[in-house]
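Q: I've got a model open and I'd like to learn how to read it, one feature at a time. Can we go through it together?

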Amino acid sequence: MSLLAAIPGFPSNQTSLNPAGPAAAHIEHTFALIFWITATVYFITLAVLMYFVWSRRWTLALAPIPQPTSDASDRLATRAVAAAVAVTVLLLFVMLISSFVTSHRLGKMNDQQALTINVYGHQWWWEIQYPNEAEPYRMVTTANEIHVPIGTPIRIHGTSRDVIHSFWAPNIQGKRDLLPGYNTDVLMQVDKAGRWRGQCAEYCGMQHAHMSFYIVAEPQQDFDNWMSAQMQPSVVPGNIQAMHGQQVFLSHACVLCHTIRGTTAGSHVGPDLTHLASRSTIAAGMLPNTVGNLGGWILNAQALKPGSRMPPNQISGPDLQDLLAYLETLK
Ligand code: CUA
């Protein structure tokens, strides 16, 4: 099935046909089995139908001639139907067993050494947390980008902060609904480096289609570097412009919803911005994280993503420039 994923232009970083880890590989095997069984049955049925249509093509126009059926042809028909029923039941059982085996394998994945990552679905973005039991104050919180080390078992500990969402990165695992007030664990592992795209797979309101995320799989060393950078509080502004930008942030409505660790901004309604500039997209994978997009988003997010919780902001041009300069330093 990976042939399909090799077609140029095929979005190979968001498809269950190009597995990047064991969970998705198990699912792909079941999918391939069911696909080939149903495709074969479909074409055999079509071929038999065509054969009879073709062999009776001259007699169809005439009134049917009553023909006494012989015992022999009756027996043949009965046997053919019985054989078809038996084969159908057998194939259904093969698919059922394959399905069971896949579920069993997904449940049996290594969870002993798994790295736990908390995922919270929000309308319409993903809050990502790396709990740190030894040093809780160093817990890493980010949004819409889940960094993972290659070849390490991961436990996604998921729930929702509002309505039902569904966590799905097709190259890596199967869909899992995130329900408010209920925790669910998904085991997975990524064996191929890359940026794997995932998307909310349960209709959750107006911007459901713009609720995507990336799983960034990288070698252990890169992951460790990323993690230790994320654990740091935000950088102290290094120049007058960034310093003023921070004041703009702290004196506007931004602080009512966002956190920037190392400052007085500590609200958890919207994404944590401590390391905003280290992320490649904003608005849950909707826009590349550029100064222009960020400026537009701050001034009038409703024009870009109607219905999102980010309100429009009245900020003067010079203040906005300084604010953007500050946000750009939050690596
Ligand atoms: Cu969240 Cu659809």
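This is a predicted model: local features need pLDDT of at least 70, side-chain atom pairs count only at pLDDT 80 or more; totals for chains, interfaces and linings use all residues.

Q: At which residue does α6 bend, and by about how many degrees?

A: α6 bends at Ile298, by about 85 degrees; the bend at a residue is the angle between axes fitted to the seven residues ending there and the seven starting there. Residues are numbered from 1 along each chain as its sequence is written, and side-chain values use heavy atoms, with hydrogens and water left out.

Q: What does α6 span between its end C-alpha atoms?

A: Helix α6, residues 291-304, spans only 15 Å, whereas a straight helix of 14 residues would span 20 Å at 1.5 Å a residue. The expected span is 1.5 Å times one less than the number of residues.

Q: Which residues of α6 are buried, and what covers them?

A: An α-helix has 3.6 residues a turn, so residues three or four places apart point the same way. In α6, the buried ones are Leu294, Gly295, Trp297, Ile298 and Ala301 (buried means under 20% relative accessible area, exposed over 50%, partly exposed in between, with a 1.4 Å probe and protein chains only). Their cover includes β11, β12 and α7 (317-328), with contact meaning heavy atoms within 4.5 Å.

Q: How many residues does the largest nonpolar core have?

A: In soluble globular proteins, nonpolar side chains tend to be buried together. A nonpolar core is a set of buried Ala, Val, Leu, Ile, Met, Phe, Trp, Tyr and Cys residues joined through side-chain atoms within 4.5 Å. The largest one here has 30 residues, and Ile117, Val119, Trp126, Tyr130, Ile146, Phe167 and Ile215 have the most contacts inside it. Elements giving two or more residues to this core include β1 (115-122), β2 (125-130) and α4 (220-231). α4 gives the most, with four residues. Apart from this core lies another, of 23 residues, including Leu287, Met310, Leu324 and Leu327.

Q: How do β2 and β3 pair?

A: Strands pair if DSSP finds at least two bridges between them. β2 and β3 are antiparallel, over four bridges, and Glu127 stands opposite Ala143 in β3. Both faces of β3 (residues 140-143) are covered: Val140 and Thr142 are buried on one side, Thr141 and Ala143 on the other.

Q: Which strands do five bridges join?

A: That's β5 and β8, which run antiparallel; Gly158 stands opposite Thr184 in β8. Four of the five residues of β8 are buried, so β8 is largely enclosed by the rest of the structure.

Q: What about the backbone: where is the cis peptide bond, and what is phi of Ala283?

A: Most residues other than glycine have a negative phi, and most peptide bonds are trans. Here a cis bond joins Gln123 and Trp124, with omega about -5 degrees; Trp124 is in the loop between β1 and β2. Ala283 has a positive phi, near 60 degrees, and sits in the loop between β11 (281-282) and β12 (287-288). Ala284, in the loop between β11 and β12, has phi near 55 degrees. Ala283 is buried at 12% relative accessible area, and Ala284 is buried at 0%.
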